[in-house]
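This report walks through one protein model, residue by residue where that helps. Keep the structure open while reading.

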Amino acid sequence: MFWFQGNSMQLAKYSLQLLMRNLSASKNVLPVLTLFTKDPCPLCDEAKDILEPYKNRFILQEVDITLPENSAWYERYKFDIPVFHLNGQFLMMHRVDISKLEKQLQKLEQQGAGGRRTPS
């Protein structure tokens with residue numbers, strides 16, 4: 001019998017711990033670009049098309065402001081969509097400002113880990 005057959009639980013536990021350690025040490029966490037939107041939203045569709053070339057530099061998270069659980073965002077942004085937040089901070093509204101986006105992405109990339117450091 002092989003050692004790992006008799007100790008498969010310990011091996012699985014060790015492998016999981018190693019994987020988690022490697023993931024937590026990763027410095028390549030992408031920033032989150034949140035798009036506050038609703039359906040339909042032609043300006044939001046246009047904004048997503050403009051952002052397409054940049055999609056490998058952030059994670060796009062869409063928030064439908066018309067859903068009941070997003071009523072606070074609806075009250076805040078109902079006349080202003082599309083609205084964008086980068087890592088939880090307001091970035092822009094109505095139209096995509098590529099120069100502003102580029103500047104903020106570069107700033108986060110220089111800081112490393114999408115602006116959020118993970119413990120090593």
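Leu-60 counts as partly exposed, because its relative accessibility is 34%. The residue sits in strand S2. Leaving aside residues up to four places away in sequence, Leu-60 touches Leu-33, Leu-35 and Lys-48. Leu-30 is 30 residues away from Leu-60 along the chain, and the C-alpha atoms of the two are separated by 9.9 Å.

**Confidence**

This is a predicted model. The mean pLDDT of the protein chain is 82. Of its residues, 70% reach 70 or more. Residues 1-9 have pLDDT below 50. Beyond near neighbours in sequence, that stretch has 3 contacts in the model. Residues 21-26 also have pLDDT below 50. Here the model shows 5 contacts beyond near neighbours in sequence.

**The sheet**

How many strands form the open sheet, and in which order? There are 4, arranged S2-S1-S3-S4, with mixed pairing. Strand S2 (59-64) and strand S4 (89-93) each have a single partner strand, so one side of each is left without a neighbour in the sheet. On average, neighbouring strands are turned by 25° against each other, direction ignored.

Strand S1 covers residues 32-37 and strand S3 covers residues 83-86. The two run antiparallel and are joined by 4 bridges. Take Leu-33 as a case: its bridge partner in S3 is Leu-86.

Helices pack here too. Helix H5 (residues 98-111) packs on the sheet and touches S1, S3 and S4. The direction of H5 makes about 155° with that of S4. Helix H3 (residues 42-51) lies across S1, S2 and S3. H3 runs at about 160° to S1.

Is Thr-37 buried or exposed? Thr-37 is buried, because its relative accessible area is 8%, under the 20% cut-off. This residue belongs to strand S1. Its contacts, not counting residues up to four places away in sequence, are Cys-44, Glu-62, Val-63, Asp-64, Ile-65 and Ile-81. Two of these names return below.

**The disulfide**

Cys-44, a contact of Thr-37, forms a disulfide with Cys-41. The sulfur atoms are 2.1 Å apart, which means that the pair falls within the 2.5 Å limit. The count for the model is 1 disulfide. A disulfide is a covalent bond between the sulfur atoms of two cysteines. The Cys-41 and Cys-44 link is right-handed, with 65° about the S-S bond. Both Cys-41 and Cys-44 are buried.

**Salt bridges**

The model has 7 salt bridges.

| Pair | N to O distance |
|---|---|
| Lys-48 and Glu-62 | 3.3 Å |
| Arg-57 and Glu-109 | 2.8 Å |
| Lys-78 and Glu-75 | 3.4 Å |

Start with Lys-48 and Glu-62, whose side chains meet in a salt bridge. Lys-48 lies in helix H3 and Glu-62 in strand S2, so the pair ties together parts that are 14 residues apart in sequence. Lys-48 is partly exposed at 27% relative accessibility. Glu-62 is partly exposed as well, with a relative accessible area of 44%. Lys-48 is also one of the residues that Leu-60 touches.

Arg-57 is buried, with a relative accessible area of 17%. Glu-109 is partly exposed, with a value of 40%.

Now the pair Lys-78 and Glu-75. Lys-78 is partly exposed, with a relative accessible area of 26%. Glu-75 counts as exposed, because its relative accessibility is 53% and the cut-off is over 50%.

Technical notes. Residues numbered from 1 in each chain as written. Predicted model: local features only at pLDDT ≥ 70, side-chain atom pairs only at ≥ 80, totals over all residues. Heavy atoms only, no water. Buried < 20%, exposed > 50% of the residue type's maximum accessible area, 1.4 Å probe, protein only. Pairing = 2+ DSSP bridges. Axes fitted to C-alpha atoms, helices over the stretch in contact; angles between N-to-C directions. Contact = heavy atoms within 4.5 Å. pLDDT = per-residue confidence, 0-100. Salt bridge = Lys/Arg side-chain N within 4 Å of Asp/Glu carboxyl O.
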